[in-house]
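I opened a new page for this structure. My plan is to look things up one at a time and write down what I find.

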Amino acid sequence: MFLEQLERASLHLGDLAPLLETLRHPKRVLIVDVPVRMDDGRLLHFEGYRAQHSLARGPGKGGVRFHPGVNLSEVIALAGLMTVKNAVIGVPFGGAKGGVRVDPRALSRSELERLVRRYTSEIGVMIGPDRDIPAPDVGTDERVMAWMMDTYSVNAGRTVTGVVTGKPLALGGSRGRREATGRGVFIAGRSAALHLGLAIKDARVAIQGLGNVGGAAAACFHTAGAKIVSVQTSAGAYFNPQGFDPSVLAGLRAGGRSVGEHPGTETLAADAFWDVESEFLIPAALENQIDEAVARRLKTRVVVEGANGPTTPAADDVLAGRGVQVIPDVLANAGGVLVSYFEWVQDTTSYYWSEDEVNSKLDRLMAEAFTAVWDAAQASKLSLRTAAFVLACRRVLQARELRGLYP
Ligand code: NAD
């Protein structure tokens, strides 16, 4: 999918098009064996990865995913998407991504800590505050980032807060980071609504995934007066015509209870989620969720991609044909990496900002990036995704060209 999205951009790169080959290959990839002593004494081996796709515009930046489906090509593609995302949003980073093929929920806390520390140590040859800066992704959180920061610091013999972002506040994290991706998804949706003449108040929103991204996006849309009418998680799909209250959902999930226990909720067959009528549909779980068949069924106006790679290129074409606007991942979910950049800046200067400062900078930069992509799409009659890729590829390839080829 990533390569196909690059191809679509290649037709609009002018003089820079011949340089595109550099983005079809990751710059550097590391595969690591992560042996972990389990609580019952067994020794298990997990496969881990770190890929740096491009470092043309600055150090690598991208999350670490813990999921049983993680594999090398997925990590490389996600690193490529980070190159594009960081360039679209204008932060001075290249693209990177990491992961371990593991189900973190099947590990005890101490097993997870041993896995994180060994993985961090193994990829220690690649990461660093001015080399490559990991962050949370699916299956990892601020506790994992704290262990990663500590492990790197112990190995370096000094405290290096800026080696990862998405850390707890007490360890040099940024205010507003936890909600930043979801908040950015909301800002992207709000910007699209402005351009399309849609109201946010009373708009119906369907969200797949209620984790870090989906949960925060739900809260922002709810606060702005929208109705979260449908939710799908790995446990099932749910419908509530009056709208879910995200704080009630968060309470239920924190207590290990089902979304179906929210008052006024109807349980749907998991697949029926895609048939629910909405103004905004937010895939915020995993990739490849909206294929051609799903795209033909959707009854929504705007798809705001909270997840990375949720829509296949063929589905993009179906949605364009049906007049459904897709706000691509590289723009819609860039709020997380934007505030990660703020966190890295704060760690580097040891000067920390208020939550209002973080949120107002996030709001301004996300809205500016949205307008730049929207205007480019209108000017060249491209989809928002292709326009975002063109804009980003130009920035990366210009940097590549100016740096020249060594030796
Ligand atoms: P998370 O682990 O916090 O939450 C994932 C959610 O998806 C959970 O609610 C889970 O129930 C749901 N889910 C998992 N499998 C599902 C399935 N088969 N069907 C329906 N729901 C399912 O993860 P997250 O950090 O919220 O990330 C979600 C997506 O957003 C990923 O694609 C990730 O790459 C992307 N993303 C995350 C960030 C970030 O800052 N966390 C930033 C940019 C992009």
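**Entry 1: the model.** I note at the start that this is a predicted model.

**Entry 2: around the ligand.** I began with the ligand. Which residues come nearest to it? I found Arg65, Asp137, Thr181, Leu210 and Asn308, out of 24 residues around the ligand. I then sorted the shell by residue type. It divides into 7 nonpolar, 12 polar and 5 charged residues.

I also looked for the elements behind the shell. Helices α5 (177–196) and α6 (212–223) each supply at least two of its residues, and so does strand β7 (227–233).

**Entry 3: backbone atoms at the ligand.** Leu210, already listed among the nearest residues, has a backbone N or O atom 2.8 Å from a ligand oxygen. For Ala285 I read 3.0 Å between a backbone N or O atom and an oxygen atom of the ligand. At Gly306, a polar backbone atom is 3.4 Å from a ligand oxygen. How much of the ligand does the protein bury? Taken alone, the ligand exposes 830 Å², and the protein buries 81% of that.

**Entry 4: the five-stranded sheet.** I turned to the strands. An open sheet of 5 strands runs in the order β1-β2-β4-β3-β5, with mixed pairing. Which strands sit at its edges? They are β1 (28–37) and β5 (132–136), and each pairs on one side only. From one strand to the next, the twist averages 20°.

I followed the pairs in this sheet. β1 and β2 are antiparallel and share 10 bridges. Val36 stands opposite Leu44 of β2. The two strands form a hairpin with 5 residues between them. In that turn, Gly41 has a positive phi of about 95°.

On to the next pair. β2 (residues 43–54) also pairs with β4 (residues 95–101), antiparallel again, over 6 bridges. Ser54 stands opposite Gly95 in β4, and Ala51 has Lys97 of β4 as its bridge partner.

**Entry 5: the seven-stranded sheet.** A second open sheet has 7 strands in the order β9-β8-β7-β6-β10-β11-β12. Its pairing is mixed. The edge strands are β9 (266–268) and β12 (325–327), each pairing on one side only. I read an average twist of 20° from one strand to the next.

Do β11 and β12 run parallel or antiparallel? β11 (residues 302–304) and β12 run parallel, joined by 3 bridges. Val304 stands opposite Ile327 in β12.

Entry 6: I kept one rule in mind here: most residues other than glycine have a negative phi, and most peptide bonds are trans. Asp202 is not a glycine, yet its phi is positive, about 65°. I located Asp202 in the loop between α5 and β6 (204–208).

Which residues does the cis peptide bond join? It joins Tyr406 and Pro407, with omega about 5°. Pro407 is in the segment after α13 (384–403).

Methods: Residues are numbered from 1 along each chain as its sequence is written. This is a predicted model: local features need pLDDT of at least 70, side-chain atom pairs count only at pLDDT 80 or more; totals for chains, interfaces and linings use all residues. Side-chain values use heavy atoms; hydrogens and water are left out. A residue is near a molecule or strand if one of its heavy atoms lies within 4 Å of it. A polar contact is a pair of N or O atoms within 3.5 Å; within protein, one must be able to donate a hydrogen and the other to accept it, and residues adjacent in sequence count only if both atoms are side-chain atoms. Accessible areas come from the Shrake-Rupley method with a 1.4 Å probe; for residues, only the protein chains shown count as cover. Helices (H or I, at least four residues) and strands (E, at least two) are DSSP runs, numbered from the N terminus. Ala, Val, Leu, Ile, Met, Phe, Trp, Tyr, Cys and Pro count as nonpolar, Asp, Glu, Lys and Arg as charged, and the others, Gly among them, as polar. Two strands pair if DSSP finds at least two bridges between them. Axes are lines fitted to C-alpha atoms, for helices over the stretch in contact, and angles run from 0 to 180 degrees between N-to-C directions.
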